[in-house]
Amino acid sequence: MKISYTYLLANKNNSVIYTGVTSNLLKRIYQHKTGIFKGFTKRYNCNKLVYYEEFRDINEAIQREKHIKAGSRQKR
C-alpha cells in the first residue's frame, strides 16, 4: 500500500500558504525548494514545509486537501 501526503508550504514570512498532495513528500518538497516547476509556489516563494499528514489512501489525502482549501486562511 502506497502512502500519500497532504502538506502545507509557506513563504519565509508565513504570509502565503500552499496546500498540496503527493505520494513522495521528500521529492516534492525538493521540487518546490529548487523551483523546478513554474507556478504558484515559485512565484510566491513557498518553500518551507510547515505541516503534513500521512494517508494510506490517495483519495483520503485529496479529500483532506479539499477540506483544508475550503476553510479560511486563518483556520489553516
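1. Aromatic pairs: searching the whole structure turns up 4 of them. Tyr5 and Tyr52 make an edge-to-face pair, because their ring centres sit 6.1 Å apart with the planes at 65°. (Rings of Phe, Tyr and Trp, the latter by its six-membered ring, pair if centres lie within 6.5 Å; planes under 30 degrees apart are stacked, over 60 edge-to-face, the rest tilted.) Keep in mind that this is a predicted model, where local features need pLDDT of at least 70, side-chain atom pairs count only at pLDDT 80 or more, and totals for chains, interfaces and linings use all residues. Residues are numbered from 1 along each chain as its sequence is written, and side-chain values use heavy atoms, leaving out hydrogens and water.

2. (Helices, H or I of at least four residues, and strands, E of at least two, are DSSP runs numbered from the N terminus.) Tyr5 is buried at 16% relative accessible area, while Tyr52 is partly exposed at 44%. (Buried is under 20%, exposed over 50%, partly exposed in between, with a 1.4 Å probe and protein chains only.)

3. There's also an aromatic cluster, formed by Tyr7, Tyr18, Phe40 and Tyr44.

4. Leu25, Ile29, Gln31 and His32 are buried in α1. Down the helix axis, the buried residues fall within an arc of 155° and so line one face; the arc is taken from axis-to-C-beta directions. Leu26 and Tyr30 are exposed on the other side.

5. After α1 comes Gly35, with a positive phi near 65°.
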